[in-house]
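Please read these notes with the model open beside you.

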Amino acid sequence: MLFFLITCCSFIIFFYKSLSFKLLPLLACEMRLLSLWCWKDFSLLSLLTKSIKSSRFFASEMMMSFKKRTLQTSSKTVVHHNADELSSPSSSEIMSILDLPELVLECILEKLPPEGLCSMAAVCRSLRDRCMSDHLWEKHMIQKWGRIIGPAAHREWQWHIATRKDSCFNQATPKGSFNYLSQLWPLSLVRSSLRNRITKRKNSPPVDSVMSWYLALESGKLFPAQVYNREHGHVGFMLSCYDAELSYNPRTDTFQARYPPHGNRAVAVETDVTWDRIRAPPVDTPPHDLHISDCLSELHPGDHIEIQWRRNKEFPYGWWYGVVGHLETCDGNSNYCRCHESDSVVLEFNQYTPGSRWRTTTLSRKDHREGGNEADGFYGGIRNLQRNEEISTWKKLWPTEILE
C-alpha cells in the first residue's frame with residue numbers, strides 16, 4: 001500500500017510539472033495579446049480615474065477656500081449691537097443680481113449698452129439666456145443700424161442664416177465616425193474637442209437671433225445699402241446715390257463701399273465712407289431694374305424728386321436729385337400755372353449751369369418707361385420726395401461750385 005501511494009504521488013507530480021511547462025508559453029502569448037488589446041482601454045481608464053480624483057480634489061479645495069472666504073467676509077461684517085450680543089449675516093442674506101424682481105432685472109438689462117449685455121451674458125447660464133433675447137437687441141439694432149438697413153439687407157441675412165444652418169447640419173459627425181475616431185485618438189482628446197465645440201456653441205448667440213446679426217454687422221459683414229456722392233464725391237457723381245456692398249470698420253467708425261462694375265470697369269472700392277453718406281434703399285428695386293413710377297400724375301412744379309439715371313444700358317441705375325420745373329410756355333406764376341395738367345413734365349437739375357445738357361429733361365407722364373439716348377444717358381423711374389429728412393439730406397450734399 002505504501003509503495004502504491006508513493007508511485008501515485010510521483011506520477012501526479014510529474015504530470016503537473018509537464019502540463020504547466022507546456023501551457024506556460026501558450027498562456028504567456030495569450031496574455032501578451034490581451035495586454036496589447038486592452039492596454040489602451042486600461043490606460044484611458046486610469047487617466048479617467050486620475051482626472052476624476054483630481055477634479056474631486058480640486059472641487060473640494062475650491063469649496064474649502066470658498067467657505068474660508070465666506071467666513072472671513074462674514075466675520076468682517078459682524079455688527080456689535082451691544083456688549084453681550086453679536087450678529088453676523090447668514091448665507092441667505094447674501095443677494096445676487098438674480099435675486100432681484102423680474103421687472104427690476106429687466107429694466108437693468110434694458111439700460112445696458114451692447115458691450116454690457118455681452119459681458120453680462122458671460123456670467124452664468126441664466127443671464128446668458130436673458131441677455132441674448134431678441135427684444136433687448138432689437139432696440140440697439142434700430143438705434144445704430146435701422147437707418148441704413150433695408151429689405152435687401154434683411155433678405156441677405158436670412159439667406160446667410162439658412163446657409164449656416166445647412167452647413168451645421170451637414171458637418172455633424174456621424175456616430176460611426178465618432179467610434180472610428182475614438183479608436184485612433186485618445187478618448188480624452190476626442191471628448192475635449194467635442195466639449196470645446198459644444199461650449200463655444202452654447203456661449204455663442206443663436207444664428208437666427210438679432211444679437212448675432214448685430215455682432216456680425218459690427219465685425220464687418222457685408223450688407224447692401226446706398227452711398228451718396230460715390231467715390232469720395234467725384235464730380236461725375238455729385239447729388240447722386242448708388243447701390244454698394246458695405247462693411248463696417250469699428251476702429252474708424254466708417255465703412256468700406258464696393259460698387260458693382262460699370263460696363264468693362266472693375267469693381268470700385270471706396271474707404272472711409274461716413275454714416276451721413278449712407279442710406280437704406282428707399283425702394284426695393286435692384287440697381288439694374290427700372291423702377292415703376294406711381295407719382296407722375298401728381299407731380300407739380302417745385303416738387304423734389306429722385307430719378308433713376310444710367311450712362312448706358314450696361315450700367316446700373318443711380319438715383320439723382322432734382323426738382324419739377326415749369327414748361328417753356330409757363331411764366332411760373334402760381335396763379336396761372338397749369339403745368340401739372342400737361343402730359344409732359346419738366347425736371348430740373350440745378351446743380352448744373354444753365355445751358356448744360358444735364359440741366360433739364362422732359363418726360364411723358366402717361367407713357368414714361370425709360371427715356372434718353374447714348375449721348376445723354378437714360379432716365380428711369382421717378383420718386384416724389386415727401387419727407388423733409390430726405391430733402392434736407394440732399395441739400396446738405398449740394399456742391400460748393402456749379403457743375404458744367
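**Notes on the fold**

1. In the protein chain, 60% of the contacts between residues at least 6 apart in sequence join residues at least 24 apart. Contact means heavy atoms within 4.5 Å.

2. A word on the source. This is a predicted model, where local features need pLDDT of at least 70, side-chain atom pairs count only at pLDDT 80 or more, and totals for chains, interfaces and linings use all residues. Residues are numbered from 1 along each chain as its sequence is written, and side-chain values use heavy atoms, with hydrogens and water left out.

3. Now the overall make-up. The protein chain has eleven helices and 13 strands. These are DSSP runs, numbered from the N terminus: helices are H or I with at least four residues, strands are E with at least two. Of its 404 residues, 32% count as buried. Buried means under 20% relative accessible area, with a 1.4 Å probe and protein chains only.

4. Look at helix 2 (residues 102-111) and helix 5 (residues 134-145). Their axes come within 10 Å and cross at roughly 30 degrees. The axes are lines fitted to C-alpha atoms over the stretch in contact, and angles run from 0 to 180 degrees between N-to-C directions. The two helices are therefore roughly parallel, a term for angles under 35 degrees. Helix 2 brings Glu-106, Leu-109 and Glu-110 to the contact; helix 5 brings His-135, Leu-136 and Lys-139.

5. Finally, find Gly-322 in strand 9 (residues 318-325). Is Gly-322 buried or exposed? Its relative accessibility is 2%, so Gly-322 counts as buried. Phe-349 lies 27 residues from Gly-322 in sequence, yet their C-alpha atoms are 4.8 Å apart. Not counting residues up to four places away in sequence, Gly-322 touches Asp-303, His-304, Ile-305, Glu-348 and Phe-349.

How values were computed. Buried means under 20% relative accessible area, exposed over 50%, partly exposed in between (1.4 Å probe, protein chains only). Angles under 35 degrees count as roughly parallel, over 145 as roughly antiparallel, 65 to 115 as roughly perpendicular and the rest as oblique.
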